[in-house]
Structure formats: C-alpha cells, structure tokens
Amino acid sequence: MGKKRIIAETGAGQHGVASATAAALLGLECVVYMGEEDTVRQSLNVARMKLLGAEVVPVTQGSRTLKDAINEAMRDWVTNVETTHYLLGTVAGPHPFPTMVRDFHRIIGVEARQQMLDEVGRLPDAVLACVGGGSNAIGIFHPFIDDASVRLIGLEAGGRGVDSGLHAATITGGTPGVLHGTRSYVLQDANGQTVESHSISAGLDYPGVGPEHAYLHDIGRAEYRAITDDQAMEAFSLLSKLEGIIPAIETAHALAGAMQVGQELGPDAILLINLSGRGDKDVQTAANYFGIPL
Amino acid sequence: MSALAALFEKTRSENRAALIGYLPAGFPSKEECIMGIQAMVNGGVDAVEIGFPYSDPVMDGPVIQAAADLALGNGTGASDVFDIVEATVKMGVPTVVMTYWNPIERYGVTKFAAELARRGGSGVITPDLTIEESVTWQQASAAAGTDRIYVVAPSTTEKRLPLVTAQCSGFIYAASLMGVTGTRTSVSGNARELVARIRETSSTPVAVGLGVSNKDQAHEVASYADGVIVGSAFIRQLQESSSIHEGLEKVEALARSLSEGVRR
C-alpha cells in the first residue's frame with residue numbers, strides 16, 4: 001500500500017498494544033486513539049503502547065471512551081488517508097472492516113473447534129464469548145455457525161443493569177440504527193443520538209455492535225445476554241481463585257455467562273469459553289472493586 | 001424550478017457564486033440560532049444550511065462539534081430543526097438541512113423528507129450516506145420533491161464520481177480537502193481540480209465547503225465554483241463574542257464581507 005503510518009482506536013488497550021507491536025516490528029509510525037477515561041482505567045496498557053514506540057492520544061470528546069476514540073480515529077483517517085492505514089480493532093465500522101476483522105479473528109474458532117474434536121471427541125453444546133464490538137466473539141462463533149447443535153451465546157456488558165440505562169448491552173437493550181458507518185443495533189434516543197454506554201470493562205464499553213452479530217441475533221442463530229458489572233466481577237474472582245488465571249474483566253462477562261448456562265445444561269454439558277484476554281491490565285480496577293488497598 | 005436551481009440561475013446571471021451559510025440548529029439556543037441566521041441573511045447570505053446536531057459528527061472538526069454539543073445539551077431535536085427551517089425559509093432564502101444519516105432513519109425516512117418539504121425546505125446534505133444505501137432516501141426525497149446533496153472529496157475515484165454526481169440535485173457538495181470541517185488559512189489547491197473533475201460528469205451546480213473563512217478565500221473559490229459554503233467561521237463569531245448582540249453584529253459583518261468576495 002506504500003503507507004508509512006498506522007492509526008488505531010482502542011478501548012481496553014489490547015488492540016492498541018497489538019497495533020503498536022506490529023508497527024514496531026515493521027518500522028511504521030503508530031498513533032493510538034484512546035478515550036481519556038480508558039487511559040486512566042487501563043493505564044498499564046497505555047505504558048505498554050508507549051514502550052513499544054506508539055503515540056497514545058487521549059480523546060477528551062463526548063463519552064471519553066471507545067466510541068469517541070473511533071470518532072477521532074476516523075477524523076484522522078479522512079485527513080491523512082493518503083499516508084495512513086486505519087487498523088480498526090473491532091468488527092464495526094464501514095464495510096469491509098467487519099468482514100476483515102472477523103476473518104482475522106476467525107482462527108480462534110478454527111483452532112478451538114479442532115481442539116474440541118481432538119481432545120473431547122465431540123462438538124461443544126455451547127460456545128460463549130463476551131461482546132462489546134464483538135470481534136473475539138465473531139471469531140470463535142464463525143466456524144461453528146453451520147454446526148446447528150452448537151449454541152452460540154454472546155455476553156454483553158449489562159453494567160448496572162439493562163433497566164438502569166447504565167449499560168453497554170447493545171443487542172439486549174438497543175434499537176436498529178447507523179453508527180460509525182454500520183447499520184446494526186445502537187444505544188440511541190428518540191432523535192437518533194447515540195446514548196453513552198457504561199461498563200466496568202473498557203473493552204465492552206461501546207454503544208454499537210458488529211453488524212454480523214445483529215444478523216445472527218435476528219435470524220435466531222446466536223443468543224445474547226447481559227451480564228452486570230457485579231456478575232462479571234464475581235466470575236473474575238472465581239476464575240482467579242479456582243484456576244489461578246486472572247482474566248480480563250471483558251472476558252469475565254463470558255465466564256459469568258458460562259456459570260448461568262452451565263447450571264441450565266447440567267454437568268454433562270461441554271461449554272467452550274473464549275478466554276479472550278488476560279487481566280494484568282485490570283488489577284487496579286479489580287483491587288478498587290474488591291477494596292484491596294494498593 | 002426548485003428554489004436552489006433558481007438561486008444558481010440568478011447568481012450565474014449576476015456573474016458571481018452563491019454564498020451558503022451554515023449554523024447548527026439550536027446553537028447557541030433555538031431563538032439565537034434564528035437570530036444568527038437572520039444576521040447571515042441580512043449580511044448577504046444567499047442560501048442557508050442548517051445542521052442537525054448529532055452526537056457523533058465524524059466529518060466535523062472541533063468548532064462544529066462544540067456547537068453541536070451545546071445544541072444537544074439544549075435538547076435540540078428534529079422538531080426544532082424543522083421550526084428553524086421554516087423560520088429561515090420565511091426570510092426568503094433557499095434552506096437545506098445537513099445531517100448525518102441516523103437522525104433521519106430514526107425520525108422515519110419518508111416522514112423526514114415529507115416534513116422538510118411541508119416546512120418549505122429545499123433539500124438535505126447527507127455526508128455519511130453512500131449512494132449504494134440510498135434507495136429508500138431516493139424514493140422518499142423524490143416523493144417529497146426535495147433535493148439530494150451528496151458530498152464528493154478529492155479522494156473520490158474517477159469511477160465513483162459520476163455515480164455520485166448523477167444522484168445529486170440542487171447542488172453538489174465538493175469537499176475542498178481531505179479532512180474535517182473547520183477554518184483554515186488557505187483553501188487547498190485540490191478544490192479547483194475537484195470542481196473541474198465534477199463538471200466533466202454533471203451540469204449540476206457545484207458548491208465548495210471545508211476551510212473557507214474569509215473574503216479572499218471566498219473570492220478565490222468563487223472564480224471556479226457556483227457556491228461557497230461557510231460554517232465554522234460563522235460559529236466562531238458567536239462563540240468568541242461576549243454577548244449575543246456582539247456576535248450577531250460580527251456574523252452580519254462576516255456575511256457582508258464574504259458576499260463581496262463571491263462576486264467575480
């Protein structure tokens with residue numbers, strides 16, 4: 001493409017760190033847009049990006065989270081498109097981003113499905129993943145779409161409860177609309193203005209969702225549930241204590257969903273959970289939540 | 001003949017470009033927005049573009065974003081936009097709405113075009129609506145008799161340009177540069193080239209927006225375009241004034257100066 005500059009947006013910072021790493025490897029300039037609120041709650045990832053040589057731009061517009069980081073990245077992109085490639089981090093944005101990002105994440109599902117057949121000898125009863133924009137979820141769902149016996153369950157960020165209005169459960173609590181060049185479910189008001197989302201996890205704190213998830217929901221192939229902040233943090237704590245794995249708070253939503261679905265399906269059920277992120281970056285948020293002095 | 005077509009016929013016969021002024025609805029308040037539009041018209045603005053303030057204006061720079069945030073904070077919604085359209089039309093100038101797509105879709109596509117026509121509005125500028133996704137909008141705007149104005153940019157390819165300009169009526173919005181709205185010290189040289197490319201595909205009038213803020217720039221653009229669009233510079237007059245009266249005087253003075261600029 002001949003472009004020397006990469007831009008990206010990031011919520012939790014995982015995509016920003018990945019972009020910064022690739023840019024460092026290839027000798028490209030890298031600018032990452034990140035909501036100011038997210039730069040505070042995910043400060044470890046901000047430091048990682050800077051160590052990798054990227055410039056991190058805190059976005060102070062609007063919600064100061066992922067939605068406005070995408071707005072700023074798009075403004076940069078239309079200004080510098082001749083020299084700059086936009087690495088969008090989730091399955092949202094205008095075509096062909098949702099398709100491209102899905103295909104890049106699809107390897108998760110391809111490998112997990114093969115491992116299931118090799119290790120367990122059969123397909124799982126359900127596949128579970130957390131959904132903000134929905135990239136990790138569509139990546140693990142996609143190779144299972146034709147396996148009719150496998151339930152696909154996306155866990156959205158219910159924040160303080162969908163009824164409270166303070167959530168990021170776009171499919172559960174949103175309506176069809178257009179945001180960031182994509183027609184999908186959106187959290188919006190009667191005038192079509194985007195409503196600010198809320199979640200304890202920066203990576204799920206987005207008032208839109210990838211259009212393929214909206215499609216899978218509408219045709220009934222996948223189901224979506226909301227997990228509250230408190231339910232996610234309970235699962236976060238349990239996985240840490242029972243397995244010695246500190247998950248990302250985003251991922252903890254999938255784990256909380258698995259606790260519900262496991263009780264519904266009983267002990268013989270096989271659940272495949274996408275452990276999409278590690279929780280090192282969330283230790284400060286978790287310590288605050290559980291009242292552990294730092 | 002539509003109000004916009006009549007306007008461009010008139011400005012062509014007067015050997016000048018049309019001056020199109022932009023303000024976001026509800027900025028700084030509903031009443032003061034109408035007063036600001038009146039000041040623009042008193043100063044010589046030929047047509048008015050009213051922005052439907054939107055939460056995620058990705059084509060706009062910080063000046064319009066801040067104005068839109070203020071307007072949204074005032075609770076500005078579709079009914080206010082239409083009220084302001086109606087008030088502007090009564091001032092005797094063609095009036096268009098500039099809006100991102102989601103507010104139209106949420107309001108109801110057919111209903112939006114019909115209500116705009118009922119209030120006397122001439123058309124709608126849709127910066128984030130692609131022609132591929134436009135079928136319902138084409139039907140709704142055709143039924144209502146309102147103009148459809150799409151934005152083309154220097155990056156619009158040779159292949160795509162005629163597809164977009166063929167869908168435009170009233171005028172074609174040419175973005176002078178790759179970037180967002182806002183005042184700039186010079187208008188990009190790309191604008192002249194883009195207008196020439198557009199003219200090879202369409203005889204619809206072409207108006208240039210993005211970056212124009214003073215008389216000299218307006219004069220330069222008027223030498224090759226049919227219309228000159230000014231937005232952020234008007235907003236700044238209101239933002240940077242200590243009282244609304246001072247702001248209105250500055251808006252009128254800027255409009256007067258720009259309107260001298262668009263004469264060739």
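This is a predicted model: local features need pLDDT of at least 70, side-chain atom pairs count only at pLDDT 80 or more; totals for chains, interfaces and linings use all residues.
Two elements of chain B, β1 (18-24) and α3, each supply at least two residues of the lining of the second largest cavity. The largest pocket has a volume of about 1800 Å³, and 12 aromatic pairs are found over all chains.

**Cavities**

- The second largest cavity has a volume of about 50 Å³.
- Its lining includes B:Y22, B:P24, B:F52, B:I64 and B:Y100.
- By class, the lining of the second largest cavity divides into 10 nonpolar residues, one polar and one charged.
- The largest cavity holds about 160 Å³ of space.
- Around the largest cavity stand 19 lining residues, and those nearest its centre are B:I64, B:Y173, B:T181, B:G231 and B:S232.
- Both β9 (227-230) and α11 (232-239) of chain B supply at least two residues of the lining of the largest cavity.
- The lining of the largest cavity has 10 nonpolar, seven polar and two charged residues.

**Largest pocket**

- In the largest pocket, 49 residues form the lining, and A:P94, A:G181, B:P127, B:D128 and B:T130 lie nearest the centre.
- Two or more lining residues come from each of several elements, among them α4 (66-80), β7 (175-179) and α9 (211-218) of chain A and α5 (101-107) of chain B.
- The largest share of this lining, four residues, comes from α5(A).
- The lining of the largest pocket comprises 29 nonpolar, 12 polar and eight charged residues.

**Second largest pocket**

- The second largest pocket contains about 820 Å³ of space.
- It is lined by 38 residues, of which A:Q14, A:H15, A:G89, A:H105 and A:S135 are the closest to its centre.
- Elements of chain A that each supply at least two residues of this lining include β1 (5-10), α1 (14-26), β5 (126-131) and α11 (249-265).
- The lining of the second largest pocket divides into 16 nonpolar, 19 polar and three charged residues.

**Aromatic contacts in chain B**

- Among the aromatic pairs found over all chains, which number 12, is that of B:F52 and B:F112; the ring centres are 6.5 Å apart and the planes are at 25°, so the pair is stacked.
- B:F52 lies in the loop between β2 (47-51) and α3 (62-73) of chain B, and B:F112 lies in helix α6 (residues 109-118) of chain B, so the pair ties together parts that are 60 residues apart in sequence.
- B:F52 counts as buried because its relative accessibility is 4%, and B:F112 is buried with a relative accessible area of 0%.
- One aromatic cluster is formed by B:F52, B:F82, B:Y107 and B:F112.
- Within this cluster, B:F82 belongs to helix α4 (residues 78-89) of chain B and is buried, with a relative accessible area of 1%.
- The C-alpha atoms of B:F82 and B:N190 are separated by 35 Å, and the two residues are 108 residues apart along the chain.
- The charged end of B:K111 sits over the ring of B:Y107, at 4.5 Å from the centre of that ring.

**Cysteines**

- A disulfide is a covalent bond between the sulfur atoms of two cysteines.
- Over all chains, zero disulfides are found.
- A:C30 counts as buried at 4% relative accessibility, and A:C130 is buried with a relative accessible area of 3%.

Definitions and conventions
Residues are numbered from 1 along each chain as its sequence is written. Chains are lettered from A and ligands numbered from 1 in the order in which they are written. Side-chain values use heavy atoms; hydrogens and water are left out. On a 1 Å grid over the protein atoms alone, a cavity is a set of points where a 1.4 Å probe fits but cannot get out, and a pocket is an open set with protein on both sides within 12 Å along at least five of seven lines; lining residues have an atom within 4 Å of a point. Grid points are joined across faces, edges and corners, and a volume is the space filled by probe spheres set on the points. Ala, Val, Leu, Ile, Met, Phe, Trp, Tyr, Cys and Pro count as nonpolar, Asp, Glu, Lys and Arg as charged, and the others, Gly among them, as polar. Rings of Phe, Tyr and Trp (its six-membered ring) pair if their centres lie within 6.5 Å; planes under 30 degrees apart count as stacked, over 60 as edge-to-face and the rest as tilted. Buried means under 20% relative accessible area, exposed over 50%, partly exposed in between (1.4 Å probe, protein chains only). A charge sits over a ring if NZ of Lys or CZ of Arg is within 6 Å of the ring centre and within 35 degrees of the ring normal. A disulfide is a pair of cysteine sulfur atoms within 2.5 Å.
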